[in-house]
Amino acid sequence: MVAARTSTVMVGRDRELSRLCEVFASALDGDPRTVLLSGEAGIGKSRMMREFREGIERRANVLSGQCINMGETPIPYGPLISILRELVHGMGANAALDAAGPGRDALLLLLPELGDGPVDWDEVSSSRLHDVVATLIETYAAKAPLVLLIEDLHWADGSTLTMLRFLMRAICTARLMIVATCRPEDARRGSRVREFIVESERARLIERVDLRRLTRDEVRDLMSSLHDGEIDEGRLDSVFERTEGIPFFVEELSNCSTGPMPDTLRDLLLARYDVLDENAQRILRALSAAEDWTPHSVLRAAVDGTDDALDTGLRAAITADILTVRAEAYCFRHALLREAVHDEMLPGERSRVHLAFAQALEAQAELESRSAIAYHLLGAHEYARALTASVDAMEQAKRSYAYATAGRLGELAIDLWDRVEDAEERAGLSRVKLLARVASIHRNAGAGERAIALVRAALDEAERSPVEPSVFVRLLRDKALYLANLGRDGSIPLLIDALALMGDAEDEHPGHVHDEKLRATLLYLLGGRYMLRGDSHEAIVTADAAFQVGTAAGADAEVSIAANLRGMSRAALGHIDEALADIEIARAYAVEPSPRLRFHVNYSDFLNLMGQYQEALDVARAGHARATELGVERSSGSILLHNMVDPLLGLGDIDEAEQVIERALALGSLTVPASYTQRTKIHALLWRGDVETAKRRAEEWLPGFVVTAKVEHQVWYGLIDIKVALATAARDWWGAWCELRDALTEDTERGHVLQQRRLLLDGAAIVARLHVLNADDSAAEAADFVRQRWNGLPEAVRLEAMSQVVWGLTTPPVASAVDEVRAAVAASSDPVISAVLRPLVRLHLARALVSAGDRSGARVVVTEARAAASELVHVPLQSEIDEFARSAGLSVASQGTATQGAAGVAPVDDVDVLTSRERQVLALVAEGLSNRQIGERLFISAKTASVHVSAILRKLGVATRTEAAVLAQRQPHGGEAHEVRSHEEQPR
C-alpha cells in the first residue's frame, strides 16, 4: 500500500481566496453573487474550493454538485440534482414539498424519490421547473446563508446553463453565493458554455477569478510543504521547468522523490497508480469508465471479485490519494488522473467494463440513469441497444424541458442509425421522423441553425424514401417556421409549395393531402408571413381564405388564428372598426391554448399601438401567465413579456419595465423575440441615462436587426426606433430627425399606419427641439412634413388628443403659440398620450411663456415639467429641463421662504406631491430603513430604492432623509405605512 502526500498548505492563492471571501461577505448582506473560478487543468481549482468551503461552512450551508463529461449523452441538470438532494435533505422532504407549492410536480421531475405517485403533467412546465428550484433555494437561504459550489462548468449540459442563467437573474435579494469552476481551454469559442460565460460577464452576473501558475518561489514553498528539509536547487529547477508552475503536477512530481523523475506527463500522472497491486489497479481501471461519482452498489455490480477484494483495492486507492469518497460513492481526485487510468485499459477490457456498468445501471432503475446507460452502451460498442437507450434518454430529457440535452442525445441516435440494421424497429420511429423530432427539440432549445439543418436532412431523406405526402407537407411547414424564428427569408415559398401539395379540396389525387385543418394552418401561416412582411392586403386575402377553410372544417383554433391575423392586417391599414370585429371573432374561437396565446400576443400589441397602455398591459400579463402555465415561456411567453414592456414604458413605469426585461433576457429566446427584448433594453438604458452601455448593446445587436428587418417589417420599425433614440440621447436632434424622416419617406407601400402614427409623435417631439436650435428653416420644414403626414393618416387613428399634442410640439415656442401649446398640455393628460411626452409638452410651453415674457407662468410650468420627469425617473428629460431652467434664469424655488432644501425648493408639508410608490418608500425611510432594507421590503433593488429616495428629497425640497422622515410623521398615516405592511403580508 502506498501512502502519498498532498500539501496541507495552499500556496500562492492568498489574493484569490481573499476575493472569494469578500464576495461571500457581500452575499451575507443579501446581495446574491456568482463567481467563476477559472484556470487550466491542475491549476488548483478544486483545492481552492475545498479551502474556501472549510473557511465558510460554519457560517453558511454549503452544497456542491459536479458537471460530468458524458460525451454525447449528457445528464440533464447534472450538478443541480445533487445540490437539490442535499438541500431537500437539509430542509426535510415535507418542508421542501410545502415550499414547492404548485411546483411540486415539476420538482418530482428532478427528484422522483420525493413522490409517491405519478407526476401530474398538467402541472409541469419549464417555467414552473425553474421557479420551483429558485423558490427552494430562496427558502433555504432565508434560514441561513447558502453557498452553491459547482465543479467543472465546462462540461455543463444546456439545461444546467439555462437554469443557472435563470437563477442568477431571478434571485435578487437572497443570501446566496454560487461558485463554479471552469477550464477555459474546454470552454471553446462557439460552445454553449463559452456563450453562457461571455453573456453572463457582459451582463455583470458573474465575476471571474483567474488562477495563475505558481512562480518559482511558490513552487519551492509547495515542495517544502511536502518534504521536510531544504529543497535541492537543481531538483527545484527541474520540477519548475517540467511542471511550468501547475500545482497538481508539482505535487505529483514531488512524490517521485525516491526514484527517477518520470519522463512524460502520462508517466507523472500514473506514478501513484503504478505502485498499487493488480487488484487495486483493476478496480481503478473499471472506475475510470464512469465519469461521475459512482455509487458503491453500481461499482460492486460492475466489478468482478469478492467484497473483500473490492474493499481492499478501494482502500489502497483512497490511501494513495487517487480516489475520494463521499456518501457511499467514489470519484477520482482529479479528472486528469481518471483520463490517464482510462487510457490504460485494452480495447476489449474497455468494452467489457462499459457493458458491465450499463447492465448495473439498468438493474438499478431507481437511479434514473438513461443518459449514463446510453453512454456506457456506446462505449461497449452495443450500438443497437445504445440507439434505443439514446432515444429513450432523449424523450426523458425532453419531458424534463432539458431541450439542449435532449438535442445532443437525439444527435447521438442519428449518428448510430446507420450502424444498426433494424434501426427503425429499435428506435420506434422512422429516420425521417427522428430527424424531424430532433429538429423540433433544437428549435425549442434555441439552436435554430441546427434545427434548420436537420429539417433539411429530413426533407432530403423523405425524397429518397417512401413517406406519406402529409409528412412531406409538415416538414415544409416546419422548415418555414424555423426560418421565420431566425428572421430568415424563405418561409413564404415553402408554405406556397406545401399548399401546392395539398391540391384542391375536392380532388382525389393520391399524391395530394386531404386534410382541411392542415390546409387552414398552412394558409394562416402564410397570411402571418405576409402580415409581418408588411403586405397587409395580401395578408387579408390569405387569412380570409384560412378563415373560410377552417370554418368549413369546424376547426375552431384555425378560425381564431385566421380572424386574428386578418384583424391585425386590417388595423395596419387603419380599418379599426373591421379590425375590432375580427378581434372579437378571434377571442370567441380561441378556446385551445395556441390560438389563445396568439390572441394575447397580437391583441396586446394592437392595444399598445392604439395608446391603450393599461389595457395592453393587462392582456399581455394574462397571456404571459398562461404561457408560463403551459411551459412555453421561452417562445410565446417571451413575446408577451416584450408586449408588457412597451405599455409599461407608455405608462411611465420604468421600474417594472426593467424587471420584465431582465426576466425576458434570463429566459433567452429565439432570434426575433430576442430582437424585441434588446430594443426595449436599449430604451430602458437610455431612459436611465446610461448612453454608453446602450451604444455598446446597439452595436452588438444592430447587425442582426438589419438582417431580420428585411423579413419582418415590425422589426424594421424597431431598428428605426433604436437609431432615433440613440441620436436623441446624444442631443443630435438633426440626426434624429433625418433618421425618422427618411424612414417615413421609405415606409409607403408596406406602411403600418399605427406604427407610422407612433413615429410621427416621436417626430413631433424632435421638431420641438429643432425649433429651439433655430439655425435655419429646417425646423419649419420638419414641422410641415410631420403635419402633412399626420393629416394623411386615416381619420380613425388621428385621435384628438394626439393631434393636439402633435400640433403643439410642432409649433415654434413663441409668444403667439402659447394658447396652442397650452391646449397640447391639457391634451397630454389623456391616457393615450405616452407618459414621456407630458413633461416635454410642458417644457415646450415654458419656452413659449418665456418668449411671451411671462416668466412667472414659465416658472410654474417648468416646475411641473421637472416634477413629471422626476416621477418618471427619466434622466435625459430631467437634465434637459434643468438646463433650460438654468439658461432661462428660472428658479423653481418659492420666493420669500426662510428655509430651503437641497434643490433650492422650500420644504413641502403635503406628501400628495409624491407618487403612491414614493409614499411607500417615504414611510419606510421614516422607520429608519436603509435602501437595501427598503428594497427587500418592497421587492425592488437597492438601486431602485435609492432612485425613489432621491426623487422624494427633491420633490419635498429637503436635504436629508431625516427631514423627509419628519415630514412623513406629520401626515395622518405617517406617509402610507399601512400600504407597505399590507404589501409585505402578501405571499411571494
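Tutor: Helices (H or I, at least four residues) and strands (E, at least two) are taken here as DSSP runs, numbered from the N terminus. This is a predicted model, in which local features need pLDDT of at least 70 and side-chain atom pairs count only at pLDDT 80 or more, while totals for chains, interfaces and linings use all residues. Residues are numbered from 1 along each chain as its sequence is written, and side-chain values use heavy atoms, with hydrogens and water left out.

Student: OK, so how many cavities of 30 Å³ or more are there?

Tutor: The count comes to 5, where a cavity is a set of points on a 1 Å grid over the protein atoms alone at which a 1.4 Å probe fits but cannot get out. The largest cavity has a volume of about 60 Å³, a volume being the space filled by probe spheres set on points joined across faces, edges and corners.

Student: Which elements line the largest cavity?

Tutor: Strand 1 (33-38), helix 7 (158-170) and strand 4 (176-182) each supply at least two lining residues, that is, residues with an atom within 4 Å of a point. Strand 1 gives the largest share, with 3 residues. The lining includes T34, V35 and L36, along with L164, M168, I178 and A180.

Student: And how does that lining divide into nonpolar, polar and charged?

Tutor: There are 9 nonpolar residues, 1 polar residue and no charged ones, with Ala, Val, Leu, Ile, Met, Phe, Trp, Tyr, Cys and Pro counted as nonpolar, Asp, Glu, Lys and Arg as charged, and the others as polar.

Student: Which strands pair with strand 4?

Tutor: Strand 1 is joined to strand 4 by 6 bridges and runs parallel to it, and strand 3 (residues 146-151) pairs with strand 4 in the parallel sense over 5 bridges; pairing requires that DSSP finds at least two bridges. M177 of strand 4 is the bridge partner of R33, whereas I178 is that of L148.

Student: Are the faces of strand 4 covered or open?

Tutor: Both faces are covered, with L176, I178, A180 and C182 buried on one side and M177, V179 and T181 buried on the other, where buried means under 20% relative accessible area (1.4 Å probe, protein chains only).

Student: Switching topic, where does S569 sit?

Tutor: S569 lies in helix 29 (residues 556-572) and is buried, with a relative accessible area of 0%. Leaving aside residues up to four places away in sequence, S569 touches M531, S536, A539 and I540, contact meaning heavy atoms within 4.5 Å.

Student: What lies 2.9 Å from a polar atom of its side chain, I mean that of S569?

Tutor: The backbone oxygen of L565 lies at that distance from the side chain of S569.

Technical notes
On a 1 Å grid over the protein atoms alone, a cavity is a set of points where a 1.4 Å probe fits but cannot get out, and a pocket is an open set with protein on both sides within 12 Å along at least five of seven lines; lining residues have an atom within 4 Å of a point. Buried means under 20% relative accessible area, exposed over 50%, partly exposed in between (1.4 Å probe, protein chains only). A polar contact is a pair of N or O atoms within 3.5 Å; within protein, one must be able to donate a hydrogen and the other to accept it, and residues adjacent in sequence count only if both atoms are side-chain atoms.
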